[in-house]
Amino acid sequence: MKVAVSARNFFFDDCGAAELLRKNGFEVCDITDKAIADEDAYYKEICDADALINAFEPMSRGLLEKCNKLKIISVRGVGYDYIDSAACRDCGIAVARTVGTVGDAVSEQVMAYILYFARQIHTLNSDMQSGCWNRIMTEGTSKMNLGIIGFGEIGQALAKRAAAFGMNIRYYCRAPKPDFDYKFAALDELLAHSDYVVLALPLTEETRGMMDETALAKMKRSAVLINVARAGIADNAALKAAVENGVIKGAAVDVFETEPCTDSILRGVKNIILTPHTAPFTRNNFIEMNTLAAENIINFFNGKIDKKYLV
């Protein structure tokens, strides 16, 4: 059986995911460097595949209905909003995710954003490098309020790390999670009290555009918005205006509507940090994600896949 791999950074030294597939009898086809400009081009590369490992390549109903051999899409990651999951069900195509692999890496980068604003090492270093002894009294993280919108794998991993830094944590999601010792709060309460608001939830029709001008106005003027979820959850035009006009202090954004993105509306705005969707980008994390994406395919065809990985 053939496995097509369009997820970039699947084949690299120290990562044995491709070899794991081959040892289990699969033909592995690397299409990561193909020019996949549109769905027609993508279809030509995956039309004879029994399984697909992808990352962010859109898969519409029209494309899925043509993939007659495809039995499983193994998503290298946890988000799957770019795949028509209803069409997958209609076509008998399973969708699996690498649940449990991204929380540590993503929450680590969120803490880096928080520390960027909280301790201003970049400013202190710049001053010292220019010969200026300027001791800034920074806010730090202890006793600061962190609001996490979405409390799945990433939100929970972030809460654990932030608690170690002495932060007060509130979270908002569809329903309270009684197994955790963190405060559940209504969305408006979370926005009003938080010094840092982190978006860590899926993109759905319900969450699309939820951080708009109205929601941003409910935040503290001294607050920072951090988006490591999906670009569509926040209105970037409203976010730009909010930071420029002092409605909030700043923002950190790691996700964009189209990627690669080099012309974001947020470019050049003081106090907005932009990173190129690198929150999950650690070597160990990619080894773990790639391996689990491969294992999901192997276990699926052996009838042994754990249901927690299936959409």
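Good morning. I begin with Phe301, which is partly exposed at a relative accessible area of 25%. The model I am presenting is a predicted one. Phe300 is likewise classed as partly exposed, with 25% relative accessibility. Both values fall in the partly exposed class because buried requires under 20% and exposed over 50%.

A pair of aromatic rings is described by the distance of the centres and the angle of the planes. For Phe300 and Phe301, the centres are 5.2 Å apart and the planes stand at 80°, an edge-to-face arrangement. The count of aromatic pairs comes to 12. Elsewhere, ring pairs join Phe151, Tyr171, Tyr172, Phe180, Tyr182 and Phe184 into a cluster.

I turn next to the sheet. Seven strands form an open sheet with parallel pairing, in the order E8-E7-E6-E9-E10-E11-E12. Its edges are strand E8, residues 183-184, and strand E12, residues 272-274, each of which pairs on one side only. Strand E11, residues 250-253, is joined to E12 by three bridges in the parallel sense, and Ala252 stands opposite Ile273 of E12. Helix H10, residues 236-244, lies across E10, E11 and E12, at about 145° to E11.

Finally, helix H2, residues 39-46. Which residues of this helix are buried? They include Ala41, Tyr42 and Ile46. Viewed down the axis of H2, the buried residues fall within an arc of 125°, and therefore line one face of the helix. Among the elements that cover them are strand E1, strand E3 and helix H3. At the start of H2, a side-chain oxygen of Asp38 comes within 3.2 Å of the backbone nitrogen of Asp40.

Thank you for your attention.

Technical notes
Residues numbered from 1 in each chain as written. Predicted model: local features only at pLDDT ≥ 70, side-chain atom pairs only at ≥ 80, totals over all residues. Heavy atoms only, no water. Pairing = 2+ DSSP bridges. Helix = DSSP H or I, 4+ residues; strand = E, 2+ residues; numbered from the N terminus. Contact = heavy atoms within 4.5 Å. Axes fitted to C-alpha atoms, helices over the stretch in contact; angles between N-to-C directions. Buried < 20%, exposed > 50% of the residue type's maximum accessible area, 1.4 Å probe, protein only. Arc of directions from axis to C-beta. Polar contact = N/O pair within 3.5 Å; in protein donor to acceptor, adjacent residues only side chain to side chain. Phe/Tyr/Trp six-rings, centres within 6.5 Å; stacked < 30°, edge-to-face > 60°.
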